Amino acid sequence: MIRGSGGIACVTSHRRQRHSLRVSSLTIAALKGQAGEIPLLAVVIAQLQSRAAKETKTGKPYLELSFADSTGSFLLKIWSDSPVFAFAADLPDAEIVRLEAKWLQNSYGIDARELAFHRPDDAALEDFFAGDPLLKARQEKDFAEIVRLVGTIGDPRLLALCERFLDQMGARFRRTAAARRNHHARRGGLVEHVASMMRSADALCVVYPDLNRDLLLTGVLFHDCGKLWENSYAEHGFSQSSTFAGEMLGHIPLGIECVNFHWREIMDSEAAAAWATLQPPAETTRLHLLHLVGSHHGEFQFGSPVLPRTPEAFALHHIDNLDAKLEMVREAYATANQSSPGIYERVFPLPANLVAPLPLLTDPS
C-alpha cells in the first residue's frame, strides 16, 4: 500500500496481496514489448513523472499520468469512475509506485485493468534505482565511444571545447534524455543518440571526404546539448524534470548559449595563444559550429531559427533525423500490435503502418 498526501492510496484484499507475490515484474520497455490485445498480468515499478487532470469531449474527467523507469516511460489514463482515481490524484510528485494490473496495449497506448497501487519494499527500491543492467552497460559503452571519437578530433580548439564539455557537463549529459517522448526518451537516452550519430558521421566522412570531420563530430556532440536544461533528470530517479530555462527558451537557443559559454572559456585559456595563427580563424570556426546547432532541425516549422547552409549542416540534420526515425521504428516493432500478419498498427509519429522488414539472407546448406 502507498501512504501519500491523501492517506492510504489503495486497499487490497489479503487474497490479492498473496496473489501479487506470484506476478512477474517487468520494466516499462518489457511491458511495452509484451503487452497486447490479451490482458497481461504483471507488476511494473515506476516513478510518477507528471500528472494532468483532463476531460473528454463529453465532459467526463480523467487523469493522465506519466510513469518512468530507467528503460522508458508511458502514459496511463485513469477514469473518474475507477476505484483508484482519488488515490492517483493524491500521489505525491515523483512518487515511486508498484503498479499491479492486467495490462493491454493498442494504437492509443498502454491501458490497465484492475489497477492497484502498492509501495515497493526497500529491496525493490534499490533495484529500481540501479536501473536496467543491460541498458546501463550499453550506455556506458556508448559514452566511452563518444570519448574515443572526440579524441580523434584534429582541430585543437574544437577538441578542447568537446573535452571541456564532457569534463564539466558529463554527469548531467549522461542522465539526459534525447526527447520527452518518441525517441530515446529515457535517462541517458541522449548518450545513446549522440554515440549512434557520431558513428554515422564518422562513417559518412569516409564516403564524403570533403566534409569537415572535426566540425561535424563536434556538431553532433553539441547539437542537442541544450537538452541538458530541457530533458534532464535529477541525480537520483527517473522522473524527467522541467526547468524554467527549458520552457522559456528551448534546447536550440540553450545549445547556442552553451557553445558560446564554453568557447569563451577555452579562448581565454593559456592554450589559446598557440591557436592565434590557425586557419580557419577561431571566429569563423565558432560561427560554423553555432550554425550546426541552430539549423539541425532542418526547417523553420520544426524550430530551427536558420536553415542548413553548409555541407556539414545538411549532413548533421539528416544523421539526426535518421537516427531518431530508426529508433522510433525499432521501438514500434517491439511494441505495436500486428493488424495483419507482418503489418503493424501505426505508432505516432511515424507516418504509416510498418511492415515487417525483409529478413537477412541465409544459406540453407
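**Close-up views of a predicted model**

**View 1. Lysine 32 and glutamate 331 form a salt bridge, with 3.5 Å between their closest N and O atoms.** The model shown in these views is predicted. The pair joins distant parts of the chain, since lysine 32 belongs to helix H2 (residues 28-34) and glutamate 331 to helix H12, 299 residues apart. Lysine 32 counts as buried because its relative accessibility is 16%, under the limit of 20%. Glutamate 331 has a relative accessibility of 24% and therefore counts as partly exposed. In general, side chains of opposite charge can pair when their charged atoms come close.

**View 2. A salt bridge connects aspartate 142 with arginine 199.** The closest N and O atoms of this pair are 3.4 Å apart. Here too, distant parts of the chain are linked: aspartate 142 lies in helix H5 (residues 133-150) and arginine 199 in helix H7, 57 residues apart. Aspartate 142 has a relative accessible area of 8%, so this residue is buried. Arginine 199, at 37% relative accessibility, counts as partly exposed.

**View 3. Arg138, Arg186, Glu192, Glu327 and Arg330 are linked in a network of salt bridges.** Within this group, the side chains of arginine 186 and glutamate 192 meet at 2.8 Å, N to O. Arginine 186 is buried, because its relative accessible area is 5%. Glutamate 192 also counts as buried, with a relative accessibility of 6%.

**View 4. The second largest pocket holds about 710 Å³ of space.** Two elements give two or more residues to the lining of this pocket, namely helix H9 (244-249) and helix H12 (311-335). Helix H12 gives the most, with six residues. The lining comprises 24 residues, and those nearest the centre of the pocket are Asn182, His183, His297, Phe302 and Met328. By residue type, the lining divides into six nonpolar, ten polar and eight charged residues.

**View 5. Val206, Val207 and Tyr208 make a nonpolar surface patch of about 350 Å².** Valine 206 is part of helix H7, which covers residues 189-207. The relative accessibility of valine 206 is 67%, and this residue therefore counts as exposed, the limit for that class being over 50%.

Conventions:
Residues numbered from 1 in each chain as written. Predicted model: local features only at pLDDT ≥ 70, side-chain atom pairs only at ≥ 80, totals over all residues. Heavy atoms only, no water. Patch = residues over 30% accessible without salt bridge, like charges linked within 9 Å, V, L, I, M, F, W, Y side chains within 5 Å. Areas by Shrake-Rupley, 256 points an atom, 1.4 Å probe, with all protein chains shown as cover. Salt bridge = Lys/Arg side-chain N within 4 Å of Asp/Glu carboxyl O. Helix = DSSP H or I, 4+ residues; strand = E, 2+ residues; numbered from the N terminus. Buried < 20%, exposed > 50% of the residue type's maximum accessible area, 1.4 Å probe, protein only. 1 Å grid on protein atoms, 1.4 Å probe; cavity = no way out; pocket = protein on both sides within 12 Å on 5 of 7 lines; lining within 4 Å. Points joined across faces, edges and corners; volume = space filled by probe spheres on them. Nonpolar A, V, L, I, M, F, W, Y, C, P; charged D, E, K, R; others polar.
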